[in-house]
Amino acid sequence: MSIFRSFVARYPGQSVVLVLALLLSGLAGSVGLSAVLPVLNIAFDSDSADQGAVERVLTDALASVGIEPNLAVLLGIIVIAVFFKAVLVFFAEVRIGYIAADVATDLRMRLLRAILRSKWSYFTQHSPGKLANSMSTEAFRASRAFVTGVKLVALAIESVVYASFALAVSATATLLSIVAGTLILLASRSLVRIARDGGNRQTIWYRQLLSTLTDTLQSVKSFKSMGREYLADEVLAEDTEQLRKALKREELGVAAMESALEPMYGIVIALGLWVSVMVFDVEMTTITFLVIVLANLLKQVGKLQKQYQRLQTYE
């Protein structure tokens, strides 16, 4: 997280723009979600006299502008919210790509100017390959770390919004889901460490490979004149093999995270349904809404963990 904090300090304006765009997209989704419970009440023909906090806020807001909360209006709110969320996500993703390019370019130019201002002794202590790796691979990974960190912050705020909606419907079910989400985060920490280890090894072996490759290309005429180019091949093959292992280790952690989260979600939702029906005797309308909200909340927790894992691999 240290590299992300340093980038936020250097690019505060761009960080705020990204967080706001991602947060607004989450809020748009939450507005659409708030219309789901009244729709379910109409679909299940439930008695709406005892409205929950979320449903009451929505119906009161519509009544204040003279709109009757019927099925057509509620479905329209959902569709409009989904549309605005898609527009905001598009804007955020485009800005993310642009900012990542700007940050990487800025890093490369700062590095280039620092190299050109360096004393001659600096070049005798550092391989050209390491400098080339810093200009290409490491600048790219650093820019992606910044963007991933911003996404992580936005997802955390969006998760709080989803949790607030769920609390308004059922505090008990939401608190249990938060506890379950925390347990999921703790259970998947080992997968984060695997991916982080793979990312750290990639940094080391990218640097080593490019350093060796640059030195080899500078001496390729000498190797070929002596008929000993196989020596360079052996060294480069070893570096490439180590890089391959690092890439595989990172992919192992990422794939394990992807496959492990879904069964965890399923277990939590199934247990929640059983407790809601058998223990608390919750109405079917509320149960359906809670499943939708809590499934989204757990998905947000999963996205948080994936983004954190990706941030660790870039650092």
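**A contact and its surroundings**

Modeller: In this predicted model, the side chain of glutamine 305 reaches the backbone oxygen of leucine 185 at 3.0 Å, where a polar contact is a pair of N or O atoms within 3.5 Å, one of them able to donate a hydrogen and the other to accept it within protein, and residues adjacent in sequence count only if both atoms are side-chain atoms.

Biologist: Where do glutamine 305 and serine 188 lie?

Modeller: Glutamine 305 lies in helix H12 (residues 284-314), whereas serine 188 is found in the loop between helix H8 (171-187) and helix H9 (189-218). Helices are DSSP runs of H or I with at least four residues, strands are runs of E with at least two, and both are numbered from the N terminus.

Biologist: Is serine 188 buried or exposed?

Modeller: Serine 188 counts as buried because its relative accessibility is 2%, and glutamine 305 is buried too, with a relative accessible area of 7%. Buried means under 20% relative accessible area, exposed over 50%, and partly exposed in between, with a 1.4 Å probe and protein chains only.

Biologist: And what does glutamine 305 touch?

Modeller: Not counting residues up to four places away in sequence, glutamine 305 touches Leu185, Ser188, Arg189, Val192 and Met257, contact meaning heavy atoms within 4.5 Å. With its neighbours within four places in sequence left aside, serine 188 is in contact with Met257 and Gln305.

Biologist: Changing topic, how much space lies in the largest pocket?

Modeller: About 440 Å³, the volume being the space filled by probe spheres set on grid points that are joined across faces, edges and corners. A pocket is an open set of points on a 1 Å grid over the protein atoms alone, where a 1.4 Å probe fits, with protein on both sides within 12 Å along at least five of seven lines, and lining residues have an atom within 4 Å of a point.

Biologist: What lines the largest pocket?

Modeller: It is lined by 23 residues, of which Leu176, Ser177, Val268, Leu271 and Gly272 lie nearest its centre. H8, helix H11 (229-278) and H12 each supply at least two residues of that lining, and H11 gives the most, with 9 residues.

Biologist: Let's turn to isoleucine 96: where is it, and what does it touch?

Modeller: Isoleucine 96 is in helix H5 (residues 71-116), and it is buried, with a relative accessible area of 2%. Not counting residues up to four places away in sequence, isoleucine 96 touches Leu18, Leu22, Val147 and Lys151.

Biologist: How many helices and strands does the whole chain have?

Modeller: The secondary structure of the protein chain comes to 12 helices and 0 strands. Of its 315 residues, 37% count as buried.

Biologist: What should I know about numbering and cut-offs?

Modeller: Residues are numbered from 1 along each chain as its sequence is written, and side-chain values use heavy atoms, with hydrogens and water left out. In this predicted model, local features need pLDDT of at least 70 and side-chain atom pairs count only at pLDDT 80 or more, while totals for chains, interfaces and linings use all residues.
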